[in-house]
Amino acid sequence: MFILVNLKAYPCDPIEVATAARDVAEASGARIAVSPQAADIARVADTGVETWAQHVSPNAHGSHTGSTLAEAVADNGAEGTLINHSENRLKLADIDGSVRAAERADLETVVCANNPAQVGAAAALGPDAVAVEPPELIGGDVSVSTADPGIVEDAVAAAEAVDPAVDVFCGAGVSTGDDVGAAGDLGAAGVLLASGVAKADDPEAVLEDLVGGI
Ligand SMILES: O=C(CO)COP(=O)(O)O
């Protein structure tokens, strides 16, 4: 199970979380990545933790003010990128363009989706993985794997029907090792989480609990 921690725009210390994630990954052998704000990618990557962007633009170099280029995040140490997070939705053509941009820059891709139907559509674009996150459960205390296990199973089936090579992650409310274990039991290959770590008083303790569920 891959544990992908999205720091969103929370007011946490990205270096503290990155260092904790690096240490827990090294000690446990688990795969843990941290996805900070674009401006923090280089210094988060400098800690040695696997680092992901929260978004990349569909365009390449050129007259595109305000873009976050896949090439730029890769040059600053990112190894992968989220695309189409529920809080940063894109048009279908732009999701496709962002996946292609990430591929050109050798970034791994996770396309986020609200529900199994969107998972199937996202899988058709050929990312490395899709992540199903019911918006109503994001930021809450109840894990998607507990509150709505059927959505994870349906998402796994939807991706499998379109492209068996595309992994399925799940997210929303994931904060414990039990949540991670339940997600794995439902067929997820990873979890995408945010507040459970980014808002924790002791992010390292939460990460240690999370890897215990793998
Ligand atoms: O949106 C999410 C991860 O990208 C999920 O957020 P929470 O873990 O805070 O529910």
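Modeller: What follows starts with the sheet and then turns to the helices, loops and cysteines around it.

This is a predicted model, in which local features need pLDDT of at least 70 and side-chain atom pairs count only at pLDDT 80 or more, while totals for chains, interfaces and linings use all residues. Residues are numbered from 1 along each chain as its sequence is written, and side-chain values use heavy atoms, with hydrogens and water left out.

The sheet is a closed barrel of eight strands, running S1-S2-S3-S4-S5-S6-S7-S8 with parallel pairing. Its neighbouring strands are turned by 25 degrees against each other on average, direction ignored; the axes behind this angle are lines fitted to C-alpha atoms (for helices over the stretch in contact), and angles run from 0 to 180 degrees between N-to-C directions. Strands (E, at least two residues) and helices (H or I, at least four) are DSSP runs numbered from the N terminus, and two strands pair if DSSP finds at least two bridges between them.

On one side, S5 and S6 run parallel and are joined by four bridges, with Val-110 standing opposite Ala-129 of S6. Four bridges also join S6 to strand S7 (residues 167–171), again in parallel, and here Val-132 has Cys-170 of S7 as its bridge partner. Both faces of S6 are covered, since Ala-129 and Ala-131 on one side and Val-130 and Val-132 on the other are all buried, where buried means under 20% relative accessible area, exposed over 50%, and partly exposed in between (1.4 Å probe, protein chains only).

The buried nonpolar residues can also be followed as cores, a nonpolar core being a set of buried Ala, Val, Leu, Ile, Met, Phe, Trp, Tyr and Cys residues joined through side-chain atoms within 4.5 Å. In soluble globular proteins, nonpolar side chains tend to be buried together. The largest core here has 50 residues, of which Ile-32, Leu-207 and Leu-210 touch the most other members. Helix H1 (residues 14–28) gives the largest share of this core, six residues. Apart from it lies another core, of eleven residues, including Ala-33, Leu-82, Val-110 and Leu-192; Val-110 is the residue already met opposite Ala-129. Leaving aside residues up to four places away in sequence, Leu-210 touches, among others, Ile-3, Val-174, Val-180, Leu-193 and Val-197, contact meaning heavy atoms within 4.5 Å.

Helix H8, residues 177–185, buries Gly-177, Asp-179, Val-180, Gly-181 and Ala-183. These buried residues pack against helix H6 (144–147), S7, strand S8 (190–193) and helix H10 (203–212). After H8 comes Gly-187, with a positive phi near 105 degrees.

Helix H4, residues 92–104, can be checked for its length: its 13 residues should span 18 Å at 1.5 Å a residue, and its end C-alpha atoms are 19 Å apart, which agrees; the expected span is 1.5 Å times one less than the number of residues. Its buried residues are Ile-95, Gly-97, Ser-98, Val-99, Ala-101 and Ala-102, and what covers them includes helix H3 (70–75), strand S4 (80–83) and strand S5 (108–113).

Two loop residues other than glycine have a positive phi. Asp-106, in the loop between H4 and S5, has phi near 60 degrees and counts as exposed at 69% relative accessibility. Lys-8, in the loop between strand S1 (2–6) and H1, has phi near 45 degrees, yet Lys-8 is buried, with a relative accessible area of 12%.

Asp-202 lies in the loop between helix H9 (195–198) and H10 and is partly exposed at 43% relative accessibility; Asp-202 and Ala-20 are 182 residues apart in sequence, while their C-alpha atoms are 9.3 Å apart.

Finally, the cysteines. A disulfide is a pair of cysteine sulfur atoms within 2.5 Å, and by this rule the count is zero. Cys-12 is in no disulfide, the nearest cysteine sulfur being that of Cys-112, 18 Å away. Cys-112 is in none either, the nearest cysteine sulfur, that of Cys-170, being 12 Å away, and Cys-112 is buried at 2% relative accessible area.
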